[in-house]
Amino acid sequence: MNDDIGEDNRLDMWRLQLEVRHLEQRAHDLFMQNLIKGTSHLAVGQEAIAAGCATAMRPGDYSFCTYRGHAHTLVRGASMTGVLGELMGKECGLLQGKGGSMHLTDVEKGAMGSYAIIGAHLPIAAGAAWAAQYNKTGAVSFCFFGDGTTNIGAFHEALNFAVIWKLPVVFVCENNFYMEYTPIDEVTAVEHPAADRAGAYGLESIIVDGNDADAVYRVARAAVDKAVAGDGPSLIEAETYRHYGHSRADPATYRPDKEVEEWMAKDPIPMYRSRLLEFGVPEKVVGDIEKSVLKAVDDATEEAKASPVPRDELAHTDVWADGGSAWRN
Amino acid sequence: MAELTYREAVADAIAQEMERDDKVVFLGEDIAKAGGVFKTTVGLYDKFGPDRVRDTPISEQAILGAAMGAAMTGLRPIAEIMFSDFFAVCWDIVVNQIAKTRYMTGGQVTMPLVIRSANGGGVRFGAQHSQSIENWAMMIPGLKVIAPSTPADVKGLLAASIRDPDPVIFFEQKSLYGDKGEIPDGEHVDELGTAKVVRDGTDAVIYALAAMVPRSIKAAERLEADLGIRVSVVDVRSLVPLDTRTIFSEFRKSGRAFTVEENPRLCGWGAELSSLITEECFWDMDLPVTRITTPHIPLAAADNLEDRMIPSVDRIYETVRAGLD
C-alpha cells in the first residue's frame with residue numbers, strides 16, 4: 001500500500017469511482033422517471049479512467065471532455081447537486097439549465113467543459129495548454145475522448161499541433177470498443193485506434209487497462225511529469241467498456257452476450273474494492289466511504305428536485321461578456 | 001497623419017495592441033516569418049518574436065481550437081484564417097464552440113478572441129477563394145462581425161476587436177488591401193457597433209460594406225454631378241452589433257434606401273436591414289428598399305465574368321437612378 005500511489009490516493013480513487021457510479025446510476029433512474037429529459041451518455045463501467053486521471057491532476061490543471069462528461073466533471077470536484085440539477089434542467093444546475101447533460105462545466109474546478117461535437121475539444125485543450133506554456137503557469141491540460149474520435153480530422157490536427165508546439169497536454173482516449181453503435185474495429189484502419197496512431201506524431205504508444213484506476217493513475221502521473229518538464233504531449237489509450245448503451249436511446253443489443261459478460265467480470269468497482277481489502281484497508285473504511293457517497297447522491301437528488309426551474313430571462317443572458325444578448329442598439 | 005495601405009493598417013493595429021498587452025498573441029498559416037500571404041502581417045514576427053507570433057500548420061480546426069482554448073484560459077489570441085472560404089473547414093469550432101460556450105456554461109467562460117480573414121472577390125481567384133461570407137457569421141448568435149472599408153477603420157476597428165471581451169470575426173476585403181488612406185497619429189481605437197455616415201445626402205441613402213463603400217461613394221458623386229441627386233452613403237462597418245440608430249436616422253431623411261452587398265443575394269445582410277427598416281420605419285418609407293447584390297451564383301474567375309457580377313459603380317449608379325426616377 002505504501003508504494004508510489006499510497007493509501008490517501010487510493011481512498012480518493014475509491015470515493016471518486018463510487019461517486020461516478022452512483023451518480024450515473026441515479027441519472028439513469030431519474031431518466032426512467034422522466035425527471036431528466038433529452039439525452040445522456042453514462043460512464044458506468046468507465047469510472048476508473050476519470051478517477052485515476054483526476055487523482056493524478058493538480059489544482060489548476062485543466063480537463064476537457066466529451067458529452068460523456070458527467071464523470072470527468074464530477075471528479076474535478078463539481079457539486080453533485082450542480083450536476084444533477086443541470087441534468088434535470090434546474091436553476092441550481094452548474095450551467096443554470098442552459099447547457100444540459102452534454103455540456104457540464106465547472107471552470108473554478110478546472111473542468112473546462114464537455115464538448116458534444118466529436119473532436120472539437122482536442123485543439124481547444126491544446127489551446128489551454130498553449131496559454132499555460134505561454135504564461136509559464138505549469139498547468140497541464142487533460143483531454144478525454146472516445147475511440148470514435150480517432151477517426152475525425154480534428155484529432156489528427158490537434159495531435160500534430162500539440163507535438164510541434166510541445167504543449168503540456170495529455171490526450172486520453174477512452175476506448176470502449178464501440179463508436180456509438182458500431183464496433184470500432186469495423187471502421188478503423190488499425191487495431192488500437194489511438195495508440196497505433198501515436199507513432200505518426202512521434203509519440204510513444206501507450207495502452208493501459210482503463211478499468212484499473214491504479215494503472216490509469218500511473219500513466220497519467222507520468223504524462224503530467226513529462227508535460228511539466230516541457231517535453232510535450234502524451235497520448236494514452238485506456239481500454240474500457242460501458243455498461244449501458246451509447247446514450248439513453250440505446251439498449252446496446254448489438255454487443256455479443258459473451259463479450260458483455262467478460263467485461264462485466266472486469267467491472268472496476270468490485271475489482272478496486274477487493275484490492276483495497278487485500279491491501280488491508282478495513283472493511284468498515286471501505287464501506288463507510290460507499291455509504292457516505294450514497295447519502296451524498298441522495299441528498300443531491302433531493303436538493304436538485306427542490307430547486308426551481310431556471311427563470312425565463314436566463315434564456316437571454318450571457319450571449320456576450322456584458323451579460324446580455326443585444327445584437328443592435 | 002500617416003498614410004498607410006489597408007494591408008499595412010492590419011499590422012499597425014496588431015502591433016499597437018501587442019505593445020499594450022502581452023496577453024495578445026497571434027497565430028495562423030504563414031503569418032509569422034513570411035509576413036502573411038497578403039503581406040498584412042509583415043514585421044510582427046521580428047518585433048514580437050516567436051512566442052507571440054506563431055506559424056501554424058495548415059490545420060484550421062487546430063488554429064481556431066487553440067485560439068479558443070487560449071482565450072478561455074487568459075490570453076487574447078488573434079487567429080488568421082487565410083481566405084474566408086476556409087471557414088468552411090473549421091466552422092464547427094466557430095459556430096458550435098466559440099460562439100456558444102459562454103452561453104452554454106451560464107457565463108463561466110469568456111472568449112476574447114479575434115479571427116481575421118481575407119474576404120471577398122475581385123481578384124480572379126475563382127469560386128473557392130472569393131466569397132463574401134459575412135452573412136454566414138452574422139446569422140450565428142454569439143459572434144461579433146466587423147468589415148472595415150478604409151485603412152483608418154482597419155486599424156481602429158481591429159484594435160477595438162482585440163480589446164473586446166467577445167469573439168469577433170474581422171473580415172478584411174482583399175480587393176481593398178492596396179487602398180491607401182490616412183490614419184490618425186498615436187493610439188487609434190474605434191468602437192464596435194457603430195456605422196458611419198461617409199457621405200451626406202437627402203434624396204436617398206445607400207448602405208454599403210467593405211469594398212462596396214468606395215464604389216457607392218463614387219456612384220453617389222456621379223449621381224450628384226450628372227443629375228443633381230444627393231445620395232448619402234452609410235458605411236455599415238459592424239454587422240453585429242448593428243448600429244440601427246444611425247441606420248434608421250439616416251433612412252428617415254429620405255425614406256429611400258438601397259443596400260450594396262458583395263455577397264450572393266439570398267440572406268445577405270441587406271435583407272435584414274430591409275426587414276428592420278420595413279418593420280420600424282414603415283411610415284417614413286417612400287420606396288421599397290432595393291438590394292444591389294452579386295447574383296445568387298458562385299463567382300467565376302475570368303475578368304469579365306467576375307466584374308459584371310459584383311456590384312459595380314455603374315450598376316449602383318443605374319439602379320439608384322432608375323429607382324428614384
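Tutor: Domain bounds, as used here, come from an automatic or database domain assignment. For chain B that assignment gives domain 1 (2–183) and domain 2 (196–324). This is a predicted model, in which local features need pLDDT of at least 70, side-chain atom pairs count only at pLDDT 80 or more, and totals for chains, interfaces and linings use all residues. Residues are numbered from 1 along each chain as its sequence is written, while chains are lettered from A and ligands numbered from 1 in the order in which they are written.

Student: What makes residues of domain 1 and domain 2 of chain B count as in contact, and how many do?

Tutor: Two residues are in contact if their C-beta atoms, placed from the backbone, lie within 7 Å. By that test, 25 residues of domain 1 of chain B touch 22 residues of domain 2 of chain B. On the domain 1 side, α6 (134–138), β6 (144–146), α7 (151–163) and β7 (168–173) of chain B each supply at least two residues; helices (H or I, at least four residues) and strands (E, at least two) are DSSP runs, numbered from the N terminus. The C-alpha centres of the two domains of chain B lie 26 Å apart.

Student: What classes do the residues on that domain 1 side fall into?

Tutor: Ala, Val, Leu, Ile, Met, Phe, Trp, Tyr, Cys and Pro count as nonpolar, Asp, Glu, Lys and Arg as charged, and the others, Gly among them, as polar. The side of domain 1 of chain B that touches domain 2 of chain B then has 11 nonpolar, 10 polar and 4 charged residues.

Student: Why is chain B called as compact as a globular protein of its length?

Tutor: Its secondary structure first: chain B has 12 helices and 14 strands. The radius of gyration of chain B is 19 Å, close to the 20 Å that the globule rule gives for 325 residues, so chain B is as compact as a globular protein of that length. The radius is taken over C-alpha atoms, and the rule is 2.2 Å times the number of residues to the power 0.38.

Student: And which part of chain B supplies the largest share of the side that touches chain A?

Tutor: In total, 41 residues of chain B are in contact with 40 residues of chain A. The largest share on the chain B side, 9 residues, belongs to α3(B). That side divides into 18 nonpolar, 17 polar and 6 charged residues.

Student: Why is B:S312 called partly exposed?

Tutor: A residue is buried if 20 or more other C-beta atoms lie within 10 Å of its own, exposed if 12 or fewer, and partly exposed in between, with C-beta atoms placed from the backbone. B:S312 has 17 other C-beta atoms within 10 Å, so it is partly exposed. B:S312 sits in the loop between α11 (303–307) and α12 (313–324) of chain B. Leaving aside neighbours within four places in sequence, B:S312 is in contact with B:R215 and B:D307.

Student: What makes strand β4 of chain A largely enclosed?

Tutor: In β4 (residues 169–175) of chain A, 7 of the 7 residues are buried, so the rest of the structure largely encloses this strand. Both faces of β4(A) are covered, with A:V169, A:F171, A:C173 and A:N175 buried on one side and A:V170, A:V172 and A:E174 buried on the other.

Student: How do you know that β3 and β4 of chain A pair, and how many bridges join them?

Tutor: Two strands pair if DSSP finds at least two bridges between them. Here 6 bridges join β3 (residues 141–146) of chain A to β4(A), and the two run parallel. In one of these, A:F144 has A:V172 as its bridge partner in β4(A).

Student: Which strands stand at the edges of the chain A sheet, and why are they called that?

Tutor: The open sheet has 6 strands in the order β2-β1-β3-β4-β8-β7 (chain A), with parallel pairing. β2 (111–115) and β7 (206–209) of chain A each have a single partner strand, so one side of each lacks a neighbour in the sheet. Neighbouring strands of this sheet are turned by 20 degrees against each other on average, direction ignored.

Student: What packs on that sheet?

Tutor: Helix α5 (residues 121–135) of chain A does, touching β1, β2, β3 and β4 of chain A, and its direction makes about 175 degrees with that of β3(A). Axes are lines fitted to C-alpha atoms, for helices over the stretch in contact, and angles run from 0 to 180 degrees between N-to-C directions.
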